[in-house]
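Here are some notes to read alongside the model.

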Amino acid sequence: MSQRSVAVLGATGSVGEATLAVARNHPDRLRVSVLAAQGTRPARLAELAREFRPDRVIVASADRAAALGGELPDGVRLTCGDQALLDAVGTGDIDLVVTAIVGAAGLQPAAAALAAGADLALANKEAMVAAGPVLRRLAAASGSSILPIDSEHAAIHQALRAGRPEEVRRLVLTASGGPFLDRDPATLETATPAEATAHPTWNMGAKISVDSATLMNKGLELIEASYLFDVAGSRIDIVIHPQSLVHSIVEFRCGNGIAQISANDMQYPIQYALSYPERWSRPAGSASTHLTELLQAASRLEFRQVDRGLFPAPSLARAALARGGGAPAALNAANEIAVDAFLSGGVPFTAIVPVVAGVLERHDRQAGGGDPETVDEALAWDSWGRSHAREVLAPFGG
Ligand SMILES: NC(=O)c1ccc[n+]([C@@H]2O[C@H](COP(=O)([O-])OP(=O)(O)OC[C@H]3O[C@@H](n4cnc5c(N)ncnc54)[C@H](OP(=O)(O)O)[C@@H]3O)[C@@H](O)[C@H]2O)c1
């Protein structure tokens, strides 16, 4: 049995910790060679370094590196900054890079990993939204694979194994609906960050939790799915499924559909990505119930249409995908700025989606332009989206 060398970017986050739980359970197959994080949780990062003994630990800045001090075990090299991250994943020594950084900050490391021929286990959907076609071209050129970690995309990846691409009729992404699915819309103006991040079925980082509350997460996932699986946005539907047990569905032209079911624990899609094309024994700590028991415990499985008036974010993302050019990158960047402003108390929850819509309106008035051809072109659209989002935010108090 061969052991794969793995770099975990965003090691101290929700997906990073779940990835390390998988690695902990499969030490014969996975060797953690690199742990990277921003460095805001130095004690936890040091603890992980003592447990996994990676070759390198990387944090975002010299200050963060100083905070780790002498906490790392002997033999673990500590480096810092963006270039250190690119060097670590771009050496060709790493077999698999798990990218669980938040936001478009994950784009350059993802591109460097693919260019160096490493497979990419992708949680960082924002990188795919900003530059999906570029990342796919890099993977094709080096012969590496992009394996989705998002549970919906892992579900589609599994279901697609049941047929040929030309036999696919449509993809159905399921959405939990987030914490505000049934909340009185009149009260959303005063929704707090604590309420917006209290997700009913998943325990996730703050940014993706807010994206789930606005349903922008599903919009980003629609763009991600289109780029990953080469399926037009018009053939991707979104359906609300509050139990989060059916993780997505592929419908084939013959009328048969394949839905994927598992517990709502991120170790399942992460392990699928890390083990593909094999299937390993079930994640540690997961309930040993049969899937039928899981379904019975839910007592019923609901599927509802998205209320587009209440939740316009998926429609905005669909329009940005159809528009192409820099629109997806600008949408993502504007959303990152607006979510940050909400989480830091600068603007109300109800400002987030209008800010993104305002930036897209400005984008629509720009001269055309094709899809970004390079990471730098995608990053230029990212910067454009950020600066326009700051202007659009101002009247909301941001
Ligand atoms: N959470 C989920 O269940 C889930 C599911 C599907 C997809 N995703 C996607 O996975 C990504 C991570 O989400 P999450 O919920 O795990 O986030 P999270 O809990 O907030 O963790 C983010 C991680 O990234 C690190 N980080 C942030 N910025 C960085 C930078 N510039 N350089 C290096 N490291 C950086 C953080 O380091 P510090 O700890 O030092 O701050 C932390 O380790 C997001 O793109 C999200 O959309 C998440």
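1. Helices (H or I, at least four residues) and strands (E, at least two) are DSSP runs, numbered from the N terminus. With that in hand, helix 1 makes the largest contribution to the shell around the ligand, at three residues. Residues are numbered from 1 along each chain as its sequence is written. This is a predicted model, where local features need pLDDT of at least 70 and side-chain atom pairs count only at pLDDT 80 or more, while totals for chains, interfaces and linings use all residues.

2. Among the 28 residues around the ligand, the nearest are Gly10, Gly13, Ala123, Met204 and Gly205 (near means a C-beta atom, placed from the backbone, within 6 Å). Helix 1 (14-25) and helix 6 (125-142) are the elements giving two or more residues to this shell. By class, the shell has 14 nonpolar, ten polar and four charged residues (Ala, Val, Leu, Ile, Met, Phe, Trp, Tyr, Cys and Pro count as nonpolar, Asp, Glu, Lys and Arg as charged, the others, Gly among them, as polar).

3. Why does the ligand lie between domain 1 and domain 2? Both domain 1 (4-148) and domain 2 (153-182 + 200-298) give residues to its shell, so it lies between them. Domain bounds come from an automatic or database domain assignment.

4. Domain 2 and domain 3 have C-alpha centres 27 Å apart. Eight residues from domain 2 and eight residues from domain 3 form the contact (C-beta atoms, placed from the backbone, within 7 Å). On the domain 2 side, helix 9 gives the most, with five residues.

How values were computed. Contact = placed C-beta atoms within 7 Å.
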